[in-house]
Amino acid sequence: MNLTNIALERRQFTLLIIATLVISGIQAYFSIPRAQDPGFIIRAAQVITYFPGASPERVEELVSDKLEEKIRQMPELDFVTSENKTGVSIIVVNIRESYTDMRPIWDNLRRKVDEASRDLPEGTSTPIVNDEFGDVYGIVYGITGDGFSYAEIKEVADNVRNDLLLIEDVAKVDILGAQDERIFVEYKPSRLNEIGISPKQLASALSSRNIINPGGEIYTELETITLEPSGDFESIRDLRSTLINIPGSNELVSLGDIAHIYRGYIDPPKNFMRLNGEQALGLAVAMRSGGNITNLGSIVEQRMEEILQSYPIGIDFKKVAMESDIVNKTVSDFVSNLLQAIVVVTLVMLAFLGLRTGVIVAVLIPVAIASTLFVMTLLDIGMDQISLAALMIALGLLVDNAIVMAESIMVKMSDGIERKKAALEAANELKIPLLTSSLTTSAAFLPIYLAESAIGEYTAPLFKVVTITLLCSFLVALTLIPLLCVLFIRLKQKQQGGFFDVLTERYLVVLNWVLRHKAISSAAVIGAFGLAMVALGWVPKIFFPPKTDPIFTIEIEFPLGTPLAYTEKRINEIESYLDTELLSKDDKTPGIRNWATFLGNGGVRFVLTHSPKPATSNYAFILVNTTEGGKLVDALMAKVDNYLFDNLADGQYTIRKLENGTAIKHPVAVRISGKDSDQLFKIADSIKRRLSEFNGTRNIQDNWGLSQKKMRIKIDPQRAQRAGITHSDIATSLQTAFSGITLTEFREGDKIIPVIMRSHSAGSRNYETAGTLGVLNNQGVSVPITQLADPELVFQPAQIFRRNGEKTLEVFADLDTHLTAAQVNAELIPWLEKAQQSWPVGYRWTLGGEAESSGKANESIAEKLPIAGFIICILLMGQFNCIRRTVIILLTIPLALIGVSFGLLAAKSYFGFMTFLGVISLAGIVINNAIVLLDRMNQEHDDFGHSWQEAVINACQSRFRPILLTTFTTVLGLIPLWLGGGPMWEPMAVTIIFGLLVSTVLTLLVIPLIFSIFFGIKYQAQ
């Protein structure tokens, strides 16, 4: 089927199809799902198990070890880590990145955990498997109520949550900072001692009272009637009126006479939220799969404004995180860059090709892009910064197709060939070379799409969108461009002395010299390449730069065991500084717009790269929104860093921007694994000292933290037995005196509220009073604990981390802007290799941080490179049926790195993953130009009967203008992305711009040079 012939024969039909595609593309632009990033699968799940009162060592041995043993039997497992703290085991199960269907894997994980839970010691909770760890809550609101109680704000949050759940695209709505309700039974030890009731007896009496026992069934001739005796508490009044037997007598006393019973919230709180320093609750909204975040954001924002009108003054809703705002700005900025690029390319076409030809070529750009958007909607590809960047990458390539086609048609028409015949001949000559070049460029991006890694998923739209765009461009170049050329091209008498004529003459002079001096030219190219490779080593290496969004975060950690009340006190001081020094009084003044503080946990995953920390009292997370991004965020972060450095001597802090790609918490990290904790700490200290020697490392710490105090009550069994007291009596008395124990549950509708029994002074005692507590024996006599046990204060590891069943300690560091992780690792790795020789047998190190993430990403892509290479070779062999021509094209690809290295140095940019994508794109353009040039050489020799000397010169002269125009349009089209794309896209734009400028020279000079060397063509001086 000849598409060009159909397009020319059925013009109106062709124009109708093109118009339909353009209109469909415009509609697709407004309806296509939008996101800031394409996202990737979170292949991690948490297994949380509580073992109240157990030390980290006992949690590790009795809980984590048994669970990990079963979990490690999963064939899909990549690695498993565990965090063992006092009373809790947090296991994170990480699955290999080659797996994409997570549901059966998580089901298998649950089965493994259920098997292991049978062997857990008595007193441990049922392990909680959280496989929704990766859910993203892109919309977060804070609810404050000036003059309203917490209960009233909570009621507002519940009502708003129910309203938001009615929105179609809303999957989940979580309330942040909510406090769990409790019913407290507080007693005075002296009162219990007076009537001879121990806390254990009181707990037993209440637990046995609040149960639901079946009463059996009555069977009659016609029906069965179930008997349900009452038993559970239906009100607090029932709880207060519960009668308690006094031991040793027949007397009864009501619970309300010996204890204060009231309803409240968990005390002390485990975590809570504040907004700009005020008490607040948060509402986090997760979007259903396949939803449109920009549409959802506007709907939620409108709905929140409507709901607010129904509440009295004082209740206020404030945006904490709104992904749709960032997405709209990201898409708007990229579309602006894309439109600027289109305008620049169009102007270049008009300037160098004339009005008619320039317009014809420029028409291809909006048609190809509109067609691409339409196909993207059909394939469920959303619009994000990756897919938009792919359009920018493809811009120069798709223009090349139109330039080459239009140029070829014009040449044939100038040779006297009739319009339609000229168009058909040009299309027939170029359709295979253009298709081959498009497919080879697409194949260059294939390893990214096939890479079995999170980065591969993140950047997969590059391959899809580039392929779609190039194929759309190819089809338009075969149909619309010939049609427009036939309809509108009017050839004029060619005038000599134009810009391209002068440039072509000078180019031919240089080309002839290069071809006559092959040895010197080859040596110059090889020398330039060697120098470029040396220079590339001087370019800073950064895997992914941070985002430029108007957001930054502050994480603060105090020593483990720090009460939440102290954490809150210290955070109050930090919030006071933010309020008085950095808060913008109006949106016109640069500064902080607002901030949300999560005390005791890390909030929610409001972006894909944020991994919230589980509840811990020594931790606080502050999400700071600023009035603008970019340099203002850097300035504010510097001020906060200076303040915390001077005023937070008792804690550790991390200030960071949001990350692009996958999350990297610390750029430099070293993991040490071994059996003995003390030896791990010795090795870690030496690594910390080495890291501190670098100029630019800061916040050097390890993930185990400082040791933690523990009061060990060493019970003497003989003394306790003589006193008539059991170990359980002592434990119950201690627990009720200091923290309280859960007796039973109070049911209210669909709510279940735990009933907590504790001493009236619980929470206000210190460890010195532990020995003064009395324990009632079976005769009702109070015996001081000091007569039964010996309290002693000891230190224990605050937390123990394991990786794949081994104790693993991680040392990490943050870096100043002038220092990169690659620079640190380049010196650190040789030092570690030498230092390991003096470590005991069984201790080893591995790199984490940026080195691990970039290594995994690069390795996953490198594994698929042979597939791309094979496809490219097959395509080139299919095109030329010649190994030597295929080798010529492949040899020119690495030469493009000459421009890349010097360009990155000149622009003071860096080499990272996006630079790597630029190199791939550049390789596609080089292959494209080389294919067209070599194909023209074959035509000159085979079809026109010229000698190889003439064929090479004529082909270079013929393809000089199209190749040069492709370079101009691509380079000028990428300048807006260089200047306005930010640190994420600047290195890719710089790579293509400078690499293409040099590779164009190499294409026009080195390809004929190598071709002449390979085929033994000699040239005489002219």
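Predicted model: local features only at pLDDT ≥ 70, side-chain atom pairs only at ≥ 80, totals over all residues.
## Where H12 meets H15

On the H12 side, you'll find Arg-356, Ile-360, Val-363, Leu-364, Val-367, Ala-368, Ser-371, Thr-372, Val-375 and Met-376. Their partners in H15 are Val-465, Ile-468, Thr-469, Cys-472, Ser-473, Val-476, Ala-477, Leu-480, Ile-481, Leu-484, Cys-485 and Phe-488. Sorted by type, the residues of this contact come out as 17 nonpolar, 4 polar and 1 charged.

As for the geometry, H12 covers residues 355-378 and H15 covers residues 454-488. The two pack at an angle of about 145°, and their axes sit 8 Å apart. The crossing is right-handed.

## Where H16 meets H29

Next up is helix H16 (residues 499-516), which packs with helix H29 (residues 982-1014) at an angle of about 35°. Here the axes are 10 Å apart, and the crossing of H16 and H29 is right-handed.

H16 brings Tyr-507, Val-510, Leu-511, Val-514 and Leu-515 to the contact, while H29 brings Leu-1004, Leu-1005, Pro-1008, Leu-1009 and Ser-1012.

## A nonpolar patch on the surface

If you look at the outside of the model, Leu-531, Val-534, Trp-538, Phe-902 and Leu-905 make up a nonpolar patch. Together they have about 510 Å² of accessible area. Helix H17 (518-536) and helix H26 (897-906) are the elements that each give two or more residues to the patch. Val-534, for one, belongs to H17.

## Salt bridges

There are 44 salt bridges in the structure. One of them pairs the side chains of Lys-807 and Glu-60, at 3.2 Å from N to O.

Conventions: Residues numbered from 1 in each chain as written. Heavy atoms only, no water. Axes fitted to C-alpha atoms, helices over the stretch in contact; angles between N-to-C directions. Helix = DSSP H or I, 4+ residues; strand = E, 2+ residues; numbered from the N terminus. Left-handed = near helix turned anticlockwise from the far one by under 90°. Contact = heavy atoms within 4.5 Å. Patch = residues over 30% accessible without salt bridge, like charges linked within 9 Å, V, L, I, M, F, W, Y side chains within 5 Å. Areas by Shrake-Rupley, 256 points an atom, 1.4 Å probe, with all protein chains shown as cover. Salt bridge = Lys/Arg side-chain N within 4 Å of Asp/Glu carboxyl O. Nonpolar A, V, L, I, M, F, W, Y, C, P; charged D, E, K, R; others polar.
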